[in-house]
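Me: I am new to this protein and would like to be walked through it slowly, one question at a time.

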Amino acid sequence: MQPAASASRHRRERRVWPGDPEFRSTLMSTDSSHHRRLAFKKWSRTIHIYISMLGLLAVIFFSVTGIMLNHEEWFGFATPHIVKKEGTLPEAMDKAPDKLAIVEKLRKDFSATGALDSFEIEDDHLTLSFKSPGRHTDVTIQRADGHAEVSLESYGFSGRFVDLHRGTDAGPGWRLIIDIAGVLLLVTCATGLLLWCLVPKWRPLGLVALAICLLGCAVVYFAFVP
């Protein structure tokens, strides 16, 4: 029984020498894992840098307009500037009003701006609405004599920028820009967090900071939001 135990202990204590195939296999596996880790870290850093540069203007724009949106009274666009105009549109007197002609007439002679939001035809009058970021135009035209009343409502450049922040009445093109900016910021945040976690020295501090931020937001939400 003693020789068998000695042989078992000898097998457990077997050393792996540099020339041993097992040693080479272990070394190659370690090197491959190390190279993959370095490549992953390199690509994460590259993506983070260039996506951050692409999203820089979006960060600036949405940061500034976010502050403006949160403090409307500071920037003077809480109350709109309203201009009223009157005139005559003979095209509205037809039994079948020409919508295109009426819209173009309003744009040319009454400074109506923005996309046509609605065009309603009633028995005695027409109602039109134009909308764009920070600007609204409402029109009422009497069909009996073509008399038009136009109300131009503007919130100024500040109001226009804030509506662009919201995506209000900005059209599908601008909404696409908002989506792209959102994706860029999401990728930037994800790669930044990943890079932080890949550095063992700073990983605990980063996770603690993230936890404190999440906890702070939760406290503010549940304690102060009605």
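The questions and answers below go from the whole chain to single residues.

Me: What kind of model is this, and how many helices and strands does the chain have?

Reply: This is a predicted model, and everything that follows should be read with that in mind. Read along the sequence, the chain follows the pattern α-α-α-α-β-α-β-β-β-β-α-α-α. Counted by type, the secondary structure comes to eight helices and five strands.

Me: What percentage of the residues in the chain is buried?

Reply: The accessible surface of the chain comes to about 16,000 Å², and carbon and sulfur atoms account for 65% of that surface. A residue is counted as buried when its relative accessible area is under 20%. Of the 226 residues in the chain, the share that is buried is 21%.

Me: Which residues touch the most other members of the largest nonpolar core?

Reply: The largest nonpolar core has 16 residues. At least two residues of this core are supplied by each of helix 5 (99-109), strand 3 (125-132), strand 4 (135-142) and strand 5 (147-154). Among the contacts of Ile 102, once its neighbours within four places in sequence are set aside, are Phe 119, Leu 126, Leu 128 and Ile 141. The core residues that touch the most other members are Ile 102, Leu 106, Leu 128 and Ile 141.

Me: Which residue of strand 3 is the bridge partner of Leu 116?

Reply: Strand 2, which covers residues 115-121, pairs with strand 3 in the antiparallel sense over six bridges. The two strands are joined by a hairpin, with three residues leading from strand 2 to strand 3. Within strand 3, the bridge partner of Leu 116 is Phe 130.

Me: Is Thr 137 buried or exposed?

Reply: Thr 137 lies in strand 4, and, not counting residues up to four places away in sequence, Thr 137 touches Ala 112, Thr 113, Leu 128, Ser 129, Phe 130, Val 150, Ser 151 and Leu 152. The relative accessible area of Thr 137 is 3%, and the cut-off for a buried residue is under 20%. Thr 137 is therefore buried.

Me: What distance separates the C-alpha atoms of Thr 137 and Ser 111?

Reply: Along the chain, Thr 137 and Ser 111 are 26 residues apart. In the chain as a whole, residues 24 or more positions apart account for 50% of the contacts with a separation of 6 or more. For Thr 137 and Ser 111, the C-alpha atoms are separated by 9.0 Å.

Me: Which residues are linked in a network of salt bridges?

Reply: The structure holds four salt bridges, and one of them joins the side chains of Arg 166 and Asp 163 at 2.6 Å, N to O. Arg 166 and Asp 163 are three residues apart in helix 6, so they are separated by about one helical turn. Asp 163 counts as buried at 10% relative accessibility, while Arg 166 counts as partly exposed at 42%. The network of salt bridges links Glu 72, Asp 163 and Arg 166.

Me: How far apart are the closest N and O atoms of Asp 109 and Lys 105?

Reply: Asp 109 and Lys 105 are four residues apart in helix 5, so about one helical turn separates them. Asp 109 counts as partly exposed at 37% relative accessibility, and Lys 105 counts as partly exposed at 27%. The two residues form a salt bridge, and its closest N and O atoms are separated by 3.0 Å.

Me: Which helix gives the largest share of the nonpolar patch?

Reply: A nonpolar surface patch of about 740 Å² is made by Ile 49, Tyr 50, Met 53, Leu 56, Leu 57, Ile 60 and Val 64. The elements that give two or more residues to this patch are helix 2 (21-54) and helix 3 (56-70). Leu 57 is found in helix 3, and, at 67% relative accessibility, Leu 57 counts as exposed. The largest share of the patch, four residues, comes from helix 3.

How values were computed: Residues numbered from 1 in each chain as written. Predicted model: local features only at pLDDT ≥ 70, side-chain atom pairs only at ≥ 80, totals over all residues. Heavy atoms only, no water. Patch = residues over 30% accessible without salt bridge, like charges linked within 9 Å, V, L, I, M, F, W, Y side chains within 5 Å. Areas by Shrake-Rupley, 256 points an atom, 1.4 Å probe, with all protein chains shown as cover. Buried < 20%, exposed > 50% of the residue type's maximum accessible area, 1.4 Å probe, protein only. Core = buried A, V, L, I, M, F, W, Y, C linked by side-chain atoms within 4.5 Å. Contact = heavy atoms within 4.5 Å. Pairing = 2+ DSSP bridges.
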